Amino acid sequence: MSKASLIEYNILTKNSLIAKIHSWRKKLLERCIKLEEPLQSYCMGIILGEQTDYLKENSTKLRNMGIIHLFCISGLHVFYFIKLIEIVFTRFKIKRETMEITQIGVLPLYFILGGGSTSLFRAVVLVLVQLITKK
């Protein structure tokens with residue numbers, strides 16, 4: 001039996017942007033944990049992409065109802081996130097160029113906040129490519 005060893009690690013400074021995003025994620029998780037089940041699991045799954053025991057136990061039921069995809073942060077969530085930014089900027093009559101630059105800047109932050117899953121990475125990259133090619 002071989003032991004796993006730590007090959008490389010990076011220490012994040014408290015003031016780095018990535019450390020702050022991870023801190024926000026931790027605070028959101030702590031707030032979700034205070035909720036009662038099943039709301040706790042729904043909140044953690046839909047907003048932060050966390051798979052809880054409750055979701056794992058009920059995955060067959062969720063799949064049969066056709067809503068299992070809601071608990072895996074992916075393209076649907078990225079679409080709604082980008083659309084929300086668009087609605088807010090349109091309502092406040094902020095220039096489209098400013099909105100697109102904000103979307104490009106916020107998407108990588110959302111990737112970290114959303115847990116960094118493969119499906120989220122794919123969705124974020126595709127939207128980023130779309131926004132950048134528009135420019």
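The model is predicted, with local features requiring pLDDT of at least 70 and side-chain atom pairs counted only at pLDDT 80 or more, while totals for chains, interfaces and linings use all residues. Residues are numbered from 1 along each chain as its sequence is written, and side-chain values use heavy atoms, with hydrogens and water left out.

S41 belongs to helix α2 (residues 39–48); helices are DSSP runs of H or I with at least four residues, numbered from the N terminus. With a relative accessibility of 0%, S41 is classed as buried (buried means under 20% relative accessible area, exposed over 50%, and partly exposed in between, with a 1.4 Å probe and protein chains only). When neighbours within four places in sequence are set aside, S41 is in contact with T52, Y54 and L55, where contact means heavy atoms within 4.5 Å.

Four aromatic pairs are present in the structure. Rings of Phe, Tyr and Trp (its six-membered ring) pair if their centres lie within 6.5 Å; planes under 30 degrees apart count as stacked, over 60 as edge-to-face and the rest as tilted. Y42 and Y54 are edge-to-face, because their ring centres are 6.2 Å apart and their planes stand at 70°. Since Y42 lies in helix α2 and Y54 in helix α3 (residues 53–57), this pair ties together parts that are twelve residues apart in sequence. Y42 is partly exposed at 29% relative accessible area, and Y54 is partly exposed at 26%. The rings of F79 and Y80 also form an edge-to-face pair, with centres 5.4 Å apart and planes at 65°. F79 is partly exposed at 48%, whereas Y80 is exposed at 53%.

F79 is also one of the residues lining the largest pocket, together with I82, K83, E86, R96, M99, E100, Q103, V127, Q130, L131 and K134. Two or more lining residues come from each of α5 (75–91), α6 (96–113) and α7 (118–134). On a 1 Å grid over the protein atoms alone, a pocket is an open set of points where a 1.4 Å probe fits, with protein on both sides within 12 Å along at least five of seven lines; lining residues have an atom within 4 Å of a point. The largest pocket holds about 180 Å³ of space.

How values were computed:
Grid points are joined across faces, edges and corners, and a volume is the space filled by probe spheres set on the points.
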